[in-house]
Amino acid sequence: MRSRPSGRTEGRSADHVDTVTGWSPQATRVLSGAERDAFETLRSALPAHTILAQVPLARFIKVPTRNSYAEWLRRVGHQCADFVVCDRHAQVIAVVELQPDAPSTSERAARRQRRFQRVLQAAGITVHFWKENAMPSVHAAREAIAPSPTLDEAEETNAMPMRVGPAAAGAPFEDSGVLREPPPSTWFDDLETEAAPLDTATARPRAPRG
């Protein structure tokens with residue numbers, strides 16, 4: 001009786017398989033029909049915001065590395081938020097999760113969902129749950145995620161003094177003076193560029209004005 005190859009042997013044999021011929025790629029849709037409907041609702045409700053779909057938590061949540069980062073990724077970091085709502089500075093303000101009418105009864109799926117929700121709530125991100133066949137209207141979605149300011153709030157905003165500095169140029173401003181940058185992507189290599197030195201010796205002098 002022939003013994004089954006070990007996992008290490010299978011891994012070595014898989015390394016010799018060409019990526020394209022071994023797994024013939026075929027383009028498919030990114031969003032299902034219900035997800036497309038939810039996306040259109042969010043886009044109509046929040047035209048001044050950026051709506052992203054299927055975003056891994058590791059892309060917009062940063063965690064300390066005193067414990068294993070790989071273990072955090074395995075537990076929750078690779079899970080994707082159905083829809084992420086961002087302001088004009090790409091800061092996440094809300095997450096929308098689309099749920100089927102008949103939710104899964106698997107205890108493992110329920111445990112992963114609870115962990116997913118706990119992480120977002122601990123990060124201060126509001127999670128909205130929508131049913132596939134009972135989605136909110138455009139107005140209801142707008143008021144739930146980014147309600148219109150009241151008259152008093154609008155007058156108070158207009159009365160605030162204008163800030164100068166990086167915020168005036170469109171950069172996100174925080175009271176601490178520190179800009180929050182997204183975690184480095186684990187899917188793409190960071191592009192490194194260096195500033196070209198200015199050669200003052202070869203710079204052509206400006207002609208005097210006549």
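Predicted model: local features only at pLDDT ≥ 70, side-chain atom pairs only at ≥ 80, totals over all residues.
**Confidence.** I found that the protein chain averages a pLDDT of 78, with 64% of the residues scoring at least 70. By element, I read the highest confidence in S2, at 97, and the lowest in helix H8 (residues 151-159), where the mean is 52. I then noted residues 164-178, where pLDDT stays under 50 and the model has ten contacts beyond four places in sequence. Residues 187-196 also have a pLDDT below 50, and I list three contacts for that stretch beyond near neighbours in sequence.

**Cores.** I looked up the largest nonpolar core, which has 17 residues, and found Leu 57, Phe 60, Val 84, Val 92, Val 95 and Leu 120 to be those with the most contacts inside it. The elements that give this core two or more residues are helices H4 (57-60), H5 (69-77) and H6 (107-122), together with strands S2 (80-86) and S3 (92-99). I also recorded a second, separate core of 16 residues, which includes Val 85, Trp 130, Ala 141 and Ile 145. Going back to Val 84, I listed what it touches outside the four neighbouring places in sequence, including Ile 51, Leu 52, Val 55, Phe 60, Val 92 and Val 95.

I turned to the second largest pocket, whose volume is about 290 Å³. I counted 13 lining residues, with Gln 99, Pro 100, Pro 103, Ser 104 and Gln 113 nearest the centre. S3 and H6 are the elements giving two or more residues to this lining, and H6 gives the most, with four.

Note on methods: Residues numbered from 1 in each chain as written. Heavy atoms only, no water. Core = buried A, V, L, I, M, F, W, Y, C linked by side-chain atoms within 4.5 Å. Buried < 20%, exposed > 50% of the residue type's maximum accessible area, 1.4 Å probe, protein only. Contact = heavy atoms within 4.5 Å. 1 Å grid on protein atoms, 1.4 Å probe; cavity = no way out; pocket = protein on both sides within 12 Å on 5 of 7 lines; lining within 4 Å. Points joined across faces, edges and corners; volume = space filled by probe spheres on them. pLDDT = per-residue confidence, 0-100.
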